[in-house]
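User: I would like to learn how to read salt bridges in a structural model. Could you take me through them step by step?

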Amino acid sequence: MSEPPAQLPQLRFNSPDGKIATPVTEWCPLMADHWDSGRENPYAKCALRRIEFCKCSNGVRHEFLVLYFGHWIDGSSAEAVVCVDRTVKLRTQDENSAKQFPGLVSSRSSEPSQALDSIAMIGSPHDAESRLIQSQGPYKRLCTLRFPPSSAPSALEVSTILLLVHQQAPSYDLIESHCFWFSDSVWRSLKKLFPGNEELCTPNDHNLRGRFVGFTVGPLDPSVHAVCDAYPSEWQRVQEKVRQVKQQHDAKLAQAEQRGLAQGRAERQAEIDQLRAERQHDADQIRQMQIELAQFRALMGVAASEGAKD
């Protein structure tokens, strides 16, 4: 039996214990800040293989995306599955607490509600359906978007696009910026920015996207255009952050190596000094023995001379 694939903090190739969710506003920075012992950022090598556009079968027909990422080690067939969606946090009577709701909701407050755009770690594809039903309820897979290896975005690039979509509408709005808008904006932004992909779905299933009780509640083309326009500069900023992280760790590694060399030189010098001291001690002993031998010979010579006189 083969060993389980290595994990990453922001991509789980084995199903995690319990629910692990990360806001999209944190997912991208966490990936960019990742350091892997001097190697290339592994999130830049985890390619998006496909996306599934899903719709809940009950309630407000909440929509969400399921993303499948390949392993960063070449030749590995392991995949990490994440669920991406928008929910809303509404304040309760207790100002220090809040409740999270999927889909379309209406807030009585005049203040805009906070949108919760997040990534849930699902783990292995083998457990994906059961874990999604557990968290989302019964759902239907409407469409699949496949990316060839030659043009597939990396996990780091996908996290950048998710952040940009969130920035287009950070607040939840019942009319425009709901779960339908978020899923569609992410889907179409990725489809437009990384061409060569293949969208698989029937016309009937495609027409179910962005619809609630027979009404179309999305999509909004300006949001997709804005994300695509902002992506090049934002991606350049993320790449610069990755380079800075590498440079910082390279500098720390160089300092550690210099300290190690200095310590090694000091230790070697101490050994050399000790060896020199031992050699000097041996030389002193030899000289002392030579002196004593000369004295002994001198005494023997005197004794022999006196014996001859007698």
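User: Which residues are linked in a network of salt bridges?

Analyst: This is a predicted model, and in it Asp184, Arg188, Lys191, Glu199, Arg209 and Asp221 are linked in such a network. One pair among them is Lys191 and Glu199, whose side chains meet in a salt bridge with N and O 3.1 Å apart. Lys191 is partly exposed at 32% relative accessible area, and Glu199 is likewise partly exposed, at 25%.

User: How many salt bridges does a search of the whole structure find?

Analyst: The search finds 14 salt bridges. One of the pairs in this structure is Glu79 with Arg49, at 3.3 Å from N to O; Glu79 belongs to strand E4 (residues 79-91) and Arg49 to strand E2 (residues 48-56), so that distant parts of the chain, 30 residues apart, are linked.

User: Is Glu79 buried or exposed?

Analyst: The cut-off for buried is under 20% relative accessible area, and Glu79, at 12%, therefore counts as buried, whereas Arg49, at 30%, is partly exposed.

User: What does Lys140 form a salt bridge with?

Analyst: The partner of Lys140 is Asp205, with the closest N and O atoms 3.0 Å apart. Because Lys140 lies in strand E7 (residues 139-146) and Asp205 in helix H5 (residues 203-207), this pair ties together parts that are 65 residues apart in sequence. Lys140 counts as partly exposed at 39% relative accessibility, while Asp205, at 14%, counts as buried.

Terms used
Residues numbered from 1 in each chain as written. Predicted model: local features only at pLDDT ≥ 70, side-chain atom pairs only at ≥ 80, totals over all residues. Heavy atoms only, no water. Salt bridge = Lys/Arg side-chain N within 4 Å of Asp/Glu carboxyl O. Helix = DSSP H or I, 4+ residues; strand = E, 2+ residues; numbered from the N terminus. Buried < 20%, exposed > 50% of the residue type's maximum accessible area, 1.4 Å probe, protein only.
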